[in-house]
Amino acid sequence: MWQEKDQQLVADFTFTDFKAAFAFMTQVALIAEKMDHHPNWQNVYNKVSIALSTHDAGGVVTEKDRSLAKAIDRVYQQYGN
């Protein structure tokens with residue numbers, strides 16, 4: 001699901017509706033805040049696109065991004081299609 005592109009980890013997530021997409025984003029936001037590592041993301045109705053890179057490391061992919069991506073995947077298992 002995750003791909004490394006332009007020095008970022010990127011993935012698109014699809015949900016049944018906006019409510020499920022928003023619930024997913026809320027859970028991810030809580031995890032990201034706890035990790036002090038915030039995604040660049042976009043939401044349109046039932047789709048969420050996420051890009052991860054570590055700004056402190058010069059905007060490249062680090063283990064911090066990979067850890068957050070794994071956490072996001074676990075959340076998606078609860079809310080995704």
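Contact here means heavy atoms within 4.5 Å.

**Figure 1. Overall fold of the predicted chain.** Among contacts between residues at least 6 apart in sequence, 64% join residues at least 24 apart. The model is predicted: local features need pLDDT of at least 70, side-chain atom pairs count only at pLDDT 80 or more, and totals for chains, interfaces and linings use all residues. Residues are numbered from 1 along each chain as its sequence is written, and side-chain values use heavy atoms, with hydrogens and water left out. The chain has 2 helices and 4 strands, in the order β-β-α-β-β-α from the N terminus. Helices (H or I, at least four residues) and strands (E, at least two) are DSSP runs, numbered from the N terminus. The C-alpha trace spans about 35 × 25 × 20 Å along its principal axes. For 81 residues, a compact globule would have a radius of gyration near 12 Å, and the 12 Å of the chain agrees. This radius is taken over C-alpha atoms, and the globule rule is 2.2 Å times the number of residues to the power 0.38.

Figure 2. Buried means under 20% relative accessible area, exposed over 50%, and partly exposed in between (1.4 Å probe, protein chains only). Leaving aside residues up to four places away in sequence, Ile50 touches residues including Trp2, Phe24, Pro39, Trp41 and Ile72.

**Figure 3. The salt bridge between Arg66 and Glu4.** A salt bridge is a side-chain nitrogen of Lys or Arg within 4 Å of a carboxyl oxygen of Asp or Glu. The whole structure holds 1 salt bridge. The Arg66 and Glu4 side chains meet at 3.1 Å, N to O. The pair links helix 2 to strand 1 (residues 3-5), 62 residues apart. Arg66 is partly exposed at 35% relative accessibility, whereas Glu4 is exposed at 52%.

**Figure 4. A nonpolar surface patch containing Phe22.** Phe18, Phe22, Val44 and Tyr45 make this patch of about 430 Å². Patches are made of residues with over 30% relative accessible area and no salt bridge; like charges are joined within 9 Å, nonpolar side chains (Val, Leu, Ile, Met, Phe, Trp, Tyr) within 5 Å. Accessible areas come from the Shrake-Rupley method with a 1.4 Å probe; for residues, only the protein chains shown count as cover. Phe22 lies in helix 1 (residues 18-35) and is partly exposed, at 48% relative accessible area.
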